[in-house]
Amino acid sequence: MGVGLHRKSKKMKARVFVTLKPSVFDPQGQTIAEALHSMGYAGIGDVRQGKYFELDVTAKSPDQARTLAAEVADKLLANPVIESYRVEIE
Amino acid sequence: MKFSIVVFPGSNCDHDAYHAAKHVLGQEAEFVWHKETTLKGADVVVLPGGFSHGDYLRTGAIARFSPIMTAVAQFAAGGGPLLGICNGFQILCEAGLLPGAMLRNRDLKFHCEHVGVRVEQTDTPFTSLATKGQLLRIPIAHGEGNYFADADVIADLESSRRVIFRYCDSRGQTTDDANPNGSVNNIAGICSEGRNVVGLMPHPERACEPVLGSADGLVLFESVLSQVAAHGGVRTAAS
């Protein structure tokens, strides 16, 4: 079969990391940071809490999987008013 | 006049809104399940409080994709009076019918208490019978009511007088101590550009009778009643 022709869909894993935008206050992250400091972990500064999603994706290429994952992140997984996200494909 | 109250899986103030409309105001009221596609001839639509879809992902994030939301958006676009209370406000924000988003309360606590709320503007269908600066004592019950929007959005809301309710103390001062959740500018409720869509975190429907400790919330429902009576409703398809 010629390269690039009739490419079959493959199963891949898309990992989506959603975090609060830097301008948004994160009271949960701050509480965790304060707990760590009170436990004596002086080497840890700020903590920002986020969300992590693993999506099973069927796509013809990693690029297509990335596009699909970004689309669902835009529509549902992240709220662009307060959050941003990053996608990794495996 | 007919109130349609949308019921999502996890709504828990739908009956409070129904009771206020039907038994306190003596108006027609009907529940509309979120899977339905018409609002059954509503003059007023209420998205009630609760925990739609268990607040999974983000509050209101999944409910905004319910089939009924297409009809809700059309109703709003046609100028129909639409009120989002608590989770209903969160759904309106997620749906883009109102700007901004809700963060966790700044102290991470769920607040269930009566608070002071000041009416900022009276040119909405839900505040037309109130007076500017009127103080309401009505309950809140939320863990994620910390209203947030980018600075330019907040500036636009303020300059276009779309902040409708603010948290305040007993003297009407919008102090930081009177702010239960950390909302920007003590914002408790806002309206759309067309002013017909109003969302607020406090629960006026739970404060419509003295036996409940306050009847201050009644003015929102009496306002919309008089508005629809004066101008006629924007009736939706009855089928």
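Q: How many residues does the contact take from chain B, and how many from chain A?
A: The model is a predicted one. Residues count as in contact when their C-beta atoms, placed from the backbone, lie within 7 Å. The contact takes 11 residues from chain B and 8 residues from chain A.

Q: How do the residues of the side of chain B that touches chain A divide into nonpolar, polar and charged?
A: Chain B gives 11 residues to the contact. The side of chain B that touches chain A divides into 6 nonpolar, 1 polar and 4 charged.

Q: What is the bridge partner of Thr19(A) in E3(A)?
A: E1(A) is also joined by 7 bridges to strand E3 (residues 83-89) of chain A, and these two run antiparallel. The partner of Thr19(A) in E3(A) is Ser84(A).

Q: Is Asp55(B) buried or partly exposed?
A: Asp55(B) is not a glycine, yet has a positive phi of about 60 degrees. Its place is the loop between strand E3 (44-47) and helix H2 (68-77) of chain B. Because 18 other C-beta atoms lie within 10 Å, Asp55(B) is partly exposed.

Q: Is Cys86(B) buried or exposed?
A: Cys86(B), a residue other than glycine, has a positive phi near 55 degrees. Cys86(B) lies in the loop between strand E4 (82-85) and helix H3 (87-94) of chain B. The cut-off for a buried residue is 20 or more other C-beta atoms within 10 Å. Cys86(B) has 30 C-beta neighbours inside 10 Å, so it counts as buried.

Technical notes
Residues numbered from 1 in each chain as written. Chains lettered and ligands numbered in written order. Predicted model: local features only at pLDDT ≥ 70, side-chain atom pairs only at ≥ 80, totals over all residues. Contact = placed C-beta atoms within 7 Å. Nonpolar A, V, L, I, M, F, W, Y, C, P; charged D, E, K, R; others polar. Pairing = 2+ DSSP bridges. Helix = DSSP H or I, 4+ residues; strand = E, 2+ residues; numbered from the N terminus. Buried ≥ 20, exposed ≤ 12 C-beta atoms within 10 Å, placed from the backbone.
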